[in-house]
Amino acid sequence: MTSSTFRIGGEIGVRRIGFGAMRLATEAGAAREASIAVARRAVELGVTLIDTAFMYGWGANEELLVEALHPYPDDLLIATKVAIEKPQPGEEASINGRPEFLREQVEQALRRLRVERIGLLQMHRLDPKVPLADQLGTLREFQLDGRIGHIGLSEVTVDELDEARGIVDVASVQNRYSLLDREHEAVLDACDAAGIAFLPWRPVHPAASTATAEIAAVAAELDATAAQVALAWLLDRSPVVLPIPGTASLDHLAENVAAGDLRLSDEQRRRLDGITLPTAG
């Protein structure tokens, strides 16, 4: 039987179906109120892992979650990400892993989220211009003084993960991965072997909503949607996988959470494993 929970860093127990907050609207008005309702409903449905980042609205997404959920339930983990710099008008966002910038971002995240300790702090991207030991060493300083619980990475290769693990204990990896996008299969395998939480972003590939014939067939057999099948496949793929599907819809939220109760048969799993993946471009 597939477990419905996982302990991040061997310590923080969460339900394996999480919630990605990126799609929540933060501007004032009806859209913001709807986003607050979705965040609150996620917790009511049993979600205990919510993923956000400074980049999502340049802090506004974190502030929205505070308005919706603070004071937080004891079992709720809000994970956030740093290392992306807000662009100047007309420019694009850039990676910044300089220690002084990371210190400022962590301090701001602590203030915005109204916490003394961030349970899981992830590097949104590694900065190729800054030695990895300097980037992760900065987060390690916050970890040693108790203001960060666990450190995670995003969009890394197997080699980068190996190098990072020589510097800090890596509790999570957040790479793009789904039933129809398995580019980072080797990274997932490395996480599985090490017991590192793997949080696939974009866990439901856009093509899954229109469904291949095989996804549609399995969905019909389970009386489920194609998206639910895609999430169930992820949960079945490895016990370290913690999908974080995002939505601004209460209905889709309920469907995503319910996917945690789906069980694939061995035969259904083999059929889904054998799907021919879309080619890049």
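Residues are numbered from 1 along each chain as its sequence is written, and side-chain values use heavy atoms, with hydrogens and water left out. In this predicted model, local features need pLDDT of at least 70 and side-chain atom pairs count only at pLDDT 80 or more, while totals for chains, interfaces and linings use all residues.

Helices (H or I, at least four residues) and strands (E, at least two) are DSSP runs, numbered from the N terminus. An open sheet is formed by 7 strands in the order E3-E4-E5-E8-E9-E10-E11, with parallel pairing; two strands pair if DSSP finds at least two bridges between them. Strand E3 (19-20) and strand E11 (197-198) are the edge strands, each pairing on one side only. Strands of a sheet pair through backbone hydrogen bonds, either parallel or antiparallel.

Within this sheet, strand E4 (residues 49-51) and strand E5 (residues 77-82) run parallel and are joined by 3 bridges. Leucine 49 stands opposite leucine 77 in E5, and aspartate 51 stands opposite alanine 79 in E5. Strand E5 is mostly covered, with 6 of its 6 residues buried; buried means under 20% relative accessible area, exposed over 50%, and partly exposed in between (1.4 Å probe, protein chains only). Leu77, Ala79 and Lys81 point one way from E5, whereas Ile78, Thr80 and Val82 point the other way, and all are buried.

Helix H2 (residues 60-69) has 8 of its 10 residues buried, so H2 is largely enclosed by the rest of the structure. The buried residues of H2 are Ala60, Asn61, Glu62, Leu64, Leu65, Val66, Ala68 and Leu69. Their cover includes helix H1 (30-44), E4, E5 and helix H3 (99-113), where contact means heavy atoms within 4.5 Å. Elsewhere, helix H4 (residues 132-144) lies across strand E8 (118-123) and strand E9 (148-154), and runs at about 160° to E9. For such angles, axes are lines fitted to C-alpha atoms, for helices over the stretch in contact, and the angles run from 0 to 180 degrees between N-to-C directions.

In helix H11 (residues 266-273), the residues Gln268, Arg269, Arg271 and Leu272 are buried. These residues cover an arc of only 160° around the axis, which puts them on the same side of H11; the arc is that of the directions from the helix axis to the C-beta atoms. Asp266 and Arg270, on the other side of H11, are exposed. Helix H8 (213-222) and helix H9 (226-237) are among the elements that cover the buried residues of H11.

Alanine 219 is located in helix H8 and is buried, with a relative accessible area of 5%. Apart from neighbours within four places in sequence, alanine 219 is in contact with Ala224, Thr225, Ala226 and Val229. The C-alpha atoms of alanine 219 and arginine 182 are separated by 20 Å, the two residues being 37 residues apart along the chain.

A nonpolar core is a set of buried Ala, Val, Leu, Ile, Met, Phe, Trp, Tyr and Cys residues joined through side-chain atoms within 4.5 Å. The largest such core has 66 residues, and those with the most contacts inside it are Ile8, Met123, Leu153, Leu161, Val173, Phe198 and Leu272. Helix H9 supplies the largest share of this core, 8 residues. A second, separate core of 20 residues includes Ile36, Val47, Ile50 and Leu76. Leucine 161, setting aside neighbours within four places in sequence, is in contact with Leu153, Val156, Val170, Val173, Ala190, Cys191 and Ile196.

A search of the whole structure finds 3 aromatic pairs. Rings of Phe, Tyr and Trp (its six-membered ring) pair if their centres lie within 6.5 Å; planes under 30 degrees apart count as stacked, over 60 as edge-to-face and the rest as tilted. Tyrosine 177 and phenylalanine 198 form an edge-to-face pair, at 5.8 Å centre to centre and 90° between the planes. This pair links distant parts of the chain, 21 residues apart: tyrosine 177 lies in the loop between strand E10 (170-174) and helix H6 (185-194), and phenylalanine 198 in strand E11. Both tyrosine 177 and phenylalanine 198 are buried. Tyrosine 177 also forms a stacked pair with tryptophan 233, at 6.0 Å centre to centre and 20° between the planes. Tryptophan 233 lies in helix H9, 56 residues apart from tyrosine 177. The relative accessible area is 0% for tyrosine 177 and 1% for tryptophan 233, which is likewise buried.
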